[in-house]
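I opened the notebook to record what I looked up in this structure, one topic at a time.

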Amino acid sequence: MLPLSHIPFLAHGLIETLAACSFILRPSTQLSPLTPSAELILQSKGGLLLFSNLISLVFLRRPFDDTSRLVSLAFAFWHLWPCHRAIVRIRSGLVQKVAQENALGGPALHLVTHSALLVMFLASGLLS
């Protein structure tokens, strides 16, 4: 049975794998119009997401300790930024009208998902 403190690492790995694939394989769903330079930056972000997934896997396989707490808090900090992006997109009307451009559910779903991950990682980091 997976300890509760490990669940955020599993959830992050599952959810961010989808995002990474989107950034790497279909960067135009993230930004339009897409310049070649922006495409490379978005693909690099996808690579960073995959890197964070590998870190998650490492922490899934080890006992939860002080290092795990600190990494949980670092992951919580990471999830602040997608929340910020979603809020800005919702408030400013940057939500694109084309369904394809609302990759993986659009900003409202991103806000809910990343807020949940933020809370889970904070709970693991502060309460475990």
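Is aspartate 66 buried or exposed? I looked up its relative accessible area, which is 57%, so aspartate 66 is exposed. I note here that the model is a predicted one.

**Entry 1: salt bridges**

I kept going with aspartate 66, which forms a salt bridge with arginine 69. The closest N and O atoms of that pair are 3.9 Å apart, and the cut-off for a salt bridge is 4 Å. Both residues lie in helix 3, 3 residues apart, which is about one turn of the helix. I reminded myself that an α-helix has 3.6 residues a turn, so residues three or four places apart point the same way. Arginine 69 has a relative accessible area of 24% and is therefore partly exposed.

I then searched the whole structure and found 2 salt bridges. Apart from the pair above, I noted aspartate 65 with arginine 62, whose side chains meet at 2.5 Å, N to O. Aspartate 65 is partly exposed at 29% relative accessible area. Arginine 62 is partly exposed too, at 27%.

**Entry 2: helix 2**

Does the length of helix 2 agree or disagree with what its residues should span? Helix 2 runs over residues 36-60, which is 25 residues, and at 1.5 Å a residue these should span 36 Å. I found its end C-alpha atoms 36 Å apart, so the two agree. Its buried residues are Ala38, Leu42, Gly46, Leu49, Ser52, Asn53, Ser56 and Phe59. I checked what covers them, and the cover includes helix 1 (7-25) and helix 3 (66-92).

**Entry 3: helix 4**

I listed its buried residues as Gly106, Pro107, His110, His114, Leu117, Leu118, Phe121, Ser124 and Gly125. They cover an arc of only 130 degrees around the axis, so they sit on the same side of helix 4. On the other side, Val112, Val119, Leu126 and Leu127 are exposed. The buried residues of helix 4 pack against helix 1 and helix 3.

**Entry 4: aromatic rings**

How many aromatic pairs are there? I counted 5. Phenylalanine 9 and phenylalanine 121 form one that is edge-to-face, with 5.2 Å between centres and 80 degrees between planes. This pair links distant parts of the chain, since phenylalanine 9 is in helix 1 and phenylalanine 121 is in helix 4, 112 residues apart. Phenylalanine 9 is buried at 1% relative accessible area, and phenylalanine 121 is buried at 0%.

The rings of phenylalanine 75 and phenylalanine 121 have centres 5.0 Å apart and planes at 15 degrees, so I wrote this pair down as stacked. Phenylalanine 75 is in helix 3 and phenylalanine 121 in helix 4, 46 residues apart. Both of these residues are buried. Ring pairs link Phe9, Phe59, Phe75 and Phe121 into a cluster.

**Entry 5: histidine 79**

Last, I looked up histidine 79, which is found in helix 3. It is buried, with a relative accessible area of 0%. What does its side chain make a polar contact with? I found the side chain of histidine 114, at 2.8 Å. Leaving out residues up to four places away in sequence, histidine 79 touches His12, Glu16, His114, Leu117, Leu118 and Phe121.

Notes: Residues numbered from 1 in each chain as written. Predicted model: local features only at pLDDT ≥ 70, side-chain atom pairs only at ≥ 80, totals over all residues. Heavy atoms only, no water. Helix = DSSP H or I, 4+ residues; strand = E, 2+ residues; numbered from the N terminus. Expected span 1.5 Å × (residues − 1). Buried < 20%, exposed > 50% of the residue type's maximum accessible area, 1.4 Å probe, protein only. Contact = heavy atoms within 4.5 Å. Arc of directions from axis to C-beta. Phe/Tyr/Trp six-rings, centres within 6.5 Å; stacked < 30°, edge-to-face > 60°. Polar contact = N/O pair within 3.5 Å; in protein donor to acceptor, adjacent residues only side chain to side chain.
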